[in-house]
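The following exercises concern the fold, the surface and two selected residues of one protein chain. Please work through each task before reading its solution.

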Amino acid sequence: MLWDSVSAVAFFLLSPYKVRSMETAYLKKCFGNNLTQALAEVASVRPSDPIEYLAHWLYHYRDVTNAEEKKRQEEAQLKEEYGRSLKEGRMAEMVKQEEEQIQQRCDKCHQELLPEALSSNKTPALQEDKAPLEKETMGQTSQPGVSSVAAEMPQRVFTS
């Protein structure tokens, strides 16, 4: 492919003017200012084989250009990933703050409701004296050979 381009350059240099304008458009499209730079270097260096020198110069230029483009793409990708990680970090911080706020509200509600529940008549079982119930329970003794399970309570039989 490059040999075709080099031969096009040689043809350009040796062809009549009308054909040159078409070739000039092609060369500008494919090479741009790179060819001008390459030809200027060939003229200043004056190698023994200018066509081979030109070909190597263009190959080298292509490799350098491709490496620079790859580097630019990698840098753009890194910037994009960095931006995403910053955004994720901010989102995680917002979620953490929201969780803390919810926990604080829950703690506040529990602190408000606990004294109210203990002092109100809604929980008489918590407030009544348990001593008589404890005496009654202690007074019940099981007789030898009789199950200590209350008669009213149905017993479950577990089978495997």
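**Exercise 1. Determine the pattern that the protein chain follows along its sequence.**

Solution. Read in sequence order, the pattern is α-α-α-α-α-α. The secondary structure comprises six helices and zero strands, where helices (H or I, at least four residues) and strands (E, at least two) are DSSP runs numbered from the N terminus. The model is predicted: local features need pLDDT of at least 70, side-chain atom pairs count only at pLDDT 80 or more, and totals for chains, interfaces and linings use all residues. Residues are numbered from 1 along each chain as its sequence is written, and side-chain values use heavy atoms, with hydrogens and water left out.

**Exercise 2. State what share of the protein chain counts as buried.**

Solution. Buried denotes under 20% relative accessible area, exposed over 50%, and partly exposed in between (1.4 Å probe, protein chains only). Of the 160 residues, 11% count as buried.

**Exercise 3. Classify asparagine 34 as buried or exposed, and identify its contacts.**

Solution. First, asparagine 34 is placed in helix 3 (residues 34–45). Next, its relative accessible area is 18%, so asparagine 34 is buried. Finally, apart from neighbours within four places in sequence, asparagine 34 is in contact (heavy atoms within 4.5 Å) with Trp57 and Tyr61.
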